[in-house]
Amino acid sequence: MDLTRFPRVRLTQSPTPIEFLPRITEYLGGPEIYIKRDDNTGLATGGNKTRKLEFLIGDALAKGATHVVTQGATQSNHVRQTIAAAARHGLKATALLEQRVGDAHDDYYANGNLLLDRILGASLETRAAGSDMNAELEAVGERLRAAGEKPYLIPGGGSNPIGALGYVVAAQEILWHANEHGLHFDQVIHATGSTGTQAGLVAGLQGLNSGIPVLGISVRAARAKQEENVLRLARQTWDLLGLPGELGAETVQANSDYVGPGYGIPTPGMIEAVELLARFEGILLDPVYSGKGFAGLIDLVRKGHYRKGQKLLFVHTGGAAGLFAYRTVFTPENESWRHPH
């Protein structure tokens, strides 16, 4: 699987470590749980989008771009990393922020990723919840072209076939680590949203004939829709890589039981997952993606979905900076989140 033919810049401190979680494993009393620390990719507090941006920024530079434009929710981890990657390579950056989460605390609009976006120096524009963000992205691209710029448009989450190549690389790292340490992972689990991480992992692990299934814990869409979106992108990535045949639909699995009331809205399971991993292993999850993803893993273990002796690998997609935008959720006076009426 030759990735050298795709333009690429180096942004990731890789390979990111894979660590055993002994105390969480003992606490849950089920399978052995490991974590791939893609929160440690190294760009502006790290996260999974850094992998995608190696190929996206590489493509932008190869095409002579002067200005990167992307979009996401107000507290988007992807937006933060995109702005940082653009700054690292001397590109201007504009980010469109959808006000996707209603009734948020003031911290949501002044802290966390949004604070870092401002420090990193991008031009930030807001859009109302429910906006057609892809259309808005195209419109800004047209505006910049008319002003003499050469914009490069990056979809939300960096989730297109070029961006998904970053998680083909992650699949290679997982297999390298497993081989070096004599491990066989029975499943890879992670939070899935804009689909690029899962699509890249599926294409990579299947293309390398690993036999390791991937489960995406959805943070937004219903299961059928999420699986449809992931499969479409995974097949596009498969074709971009020039792999033979067609990627089977059975390779894509999603679970949407842990979304809760909606994207970015806290759940008791997410709060428990964040606090457990912090207090048992000293690792910080985020409240939107990895927190809900790990909450799903915890619940599935408790329900007996996995057995002792199995080995699960959770891919930590980063985003702990977002915790500062959810300060009130983790304060003692806010016990109502833990025990909703």
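User: Let's start with a definition: a residue is buried when its relative accessible area is under 20%, exposed when it is over 50%, and partly exposed in between (1.4 Å probe, protein chains only). Does Thr195 count as buried or exposed?

Analyst: A word on the source: this is a predicted model, where local features need pLDDT of at least 70, side-chain atom pairs count only at pLDDT 80 or more, and totals for chains, interfaces and linings use all residues. Residues are numbered from 1 along each chain as its sequence is written, and side-chain values use heavy atoms, leaving out hydrogens and water. Now take the cut-off of under 20%: because Thr195 has 8% relative accessibility, it counts as buried.

User: Where is Thr195 placed?

Analyst: Helices (H or I, at least four residues) and strands (E, at least two) are DSSP runs, numbered from the N terminus. Thr195 has a positive phi near 90° although it isn't glycine. Its place is in the loop between strand S7 (187-192) and helix H7 (196-207).

User: And Asp103, is that one buried or exposed?

Analyst: Asp103 sits in the loop between S4 and H4, and its phi is near 55°, positive in a residue other than glycine. Most residues other than glycine have a negative phi. The relative accessible area of Asp103 is 87%, so the label is exposed.

User: How many residues of strand S4 are buried?

Analyst: S4 covers residues 92-98 and is mostly covered. Out of its 7 residues, the buried ones number 6.

User: Which residue in S4 stands opposite Thr70?

Analyst: Two strands pair if DSSP finds at least two bridges between them. Strand S3 (residues 67-73) and S4 have 7 bridges and pair in the parallel sense. Opposite Thr70 in that pairing, S4 places Ala95.

User: Which residue in S5 does Leu97 stand opposite?

Analyst: S4 also runs parallel to strand S5 (residues 123-127), joined by 5 bridges. With helix H4 (residues 112-120), these two strands make a right-handed β-α-β unit. Leu97 stands opposite Thr126.

User: What covers the buried residues of H4?

Analyst: The buried residues in H4 are Gly112, Asn113, Leu114 and Asp117. To cover something here is a matter of contact, meaning heavy atoms within 4.5 Å. The cover includes H3, S4 and S5.

User: What area is buried between domain 1 and domain 2?

Analyst: An automatic or database domain assignment sets the bounds, giving domain 1 (18-47 + 160-329) and domain 2 (49-154). In the interface, 34 residues of domain 1 are in contact with 26 residues of domain 2. Buried area is the accessible area (1.4 Å probe) that two parts lose on being put together, summed over both. Carbon and sulfur atoms give 58% of the total, which is about 2,500 Å².

User: What is the N to O distance in the salt bridge of Arg51 and Glu173?

Analyst: A salt bridge is a side-chain nitrogen of Lys or Arg within 4 Å of a carboxyl oxygen of Asp or Glu. That rule finds 3 of them across the interface of domain 1 and domain 2. For the side chains of Arg51 and Glu173, the N to O distance is 2.8 Å.

How values were computed:
Right-handed = clockwise from strand over helix to strand, strands pointing away.
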